Amino acid sequence: HPTVSKPLMAFLREWEFPRLQRGELRERFMWATLEDCIAISASSPLKVLSSALVGSGFQWATHFVNRQVSKDYDCEDAKTEMKHYLRRRGFPVQQTIGMMTAVSVEDAVCTYENHGAFSVW
């Protein structure tokens, strides 16, 4: 059983969705390219719908990790192995969306755009 229930719908009070002011988006998220992964951390939990290897379904998440694996990666139980990887790196598994890619994380690009009514990171 999950430690936090994962309903298909979540009703939240309006105050739990604060409107971001200009520039505030960058302050609420941190992007890091590490040796073998890209990690994005949020300052407060986000309601997420994910199809990732770890953290699939609806959940509250504060960390998003895209791990680079070799092109010939072959593991009988990739989900368990990924959870061990996240724990070794200090990520809280219950609040982490864990993905894998064979693409080099060195090729990742991060950019921030603000267009008045909305911003994208």
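Predicted model: local features only at pLDDT ≥ 70, side-chain atom pairs only at ≥ 80, totals over all residues.

User: What does L86 touch, not counting residues up to four places away in sequence?

Analyst: L86 touches V54, V65, F91, V93, T96 and G98. Touching, or contact, means heavy atoms within 4.5 Å. Residues are numbered from 1 along each chain as its sequence is written, and side-chain values use heavy atoms, with hydrogens and water left out.

User: Why is L86 called buried?

Analyst: Buried means under 20% relative accessible area, exposed means over 50%, and partly exposed is in between (1.4 Å probe, protein chains only). L86 has a relative accessible area of 0%, so it counts as buried. L86 sits in helix α2, and helices here are DSSP runs of H or I with at least four residues, strands being runs of E with at least two, numbered from the N terminus.

User: How do you know that the buried residues of α2 line one face?

Analyst: The buried residues of α2 are A78, M82, Y85 and L86. Seen down the helix axis, they fall within an arc of 95 degrees, so they line one face; that arc is taken over the directions from the axis to the C-beta atoms. As background, an α-helix has 3.6 residues a turn, so residues three or four places apart point the same way. The cover over the buried residues of α2 includes β2, β3 and β4.

User: What makes β2 and β3 a pair of strands?

Analyst: Two strands pair if DSSP finds at least two bridges between them. Strand β2 (residues 37-50) and strand β3 (residues 57-68) are joined by 10 bridges and run antiparallel, L46 having A61 as its bridge partner in β3. The two form a hairpin with six residues between them, and G55 in the turn has a positive phi of about 90 degrees.

User: And what joins β3 to β4?

Analyst: Six bridges, between strands that run parallel this time. F64 stands opposite I97 in β4. The open sheet has four strands in the order β1-β2-β3-β4, with mixed pairing. Its edge strands are β1 and β4, each pairing on one side only. Neighbouring strands are turned by 30 degrees against each other on average, direction ignored. Helix α2 packs on this sheet, touching β2, β3 and β4, and its direction makes about 115 degrees with that of β4. Those axes are lines fitted to C-alpha atoms, for helices over the stretch in contact, with angles from 0 to 180 degrees between N-to-C directions.

User: How do you know that R89 and D36 form a salt bridge?

Analyst: The label needs a side-chain nitrogen of Lys or Arg within 4 Å of a carboxyl oxygen of Asp or Glu. The side chains of R89 and D36 meet at 3.1 Å, N to O, which is inside that limit. R89 lies in the loop between α2 and β4 and D36 in the loop between β1 (29-33) and β2, so the pair ties together parts that are 53 residues apart in sequence. R89 is partly exposed at 38% relative accessibility, whereas D36 is buried at 17%.

User: How many salt bridges does a search of the whole structure find?

Analyst: Two. E81 and R67 also meet through their side chains, at 2.8 Å, N to O. That pair links distant parts of the chain, with E81 in helix α2 and R67 in strand β3, 14 residues apart. R67 is buried, with a relative accessible area of 9%.
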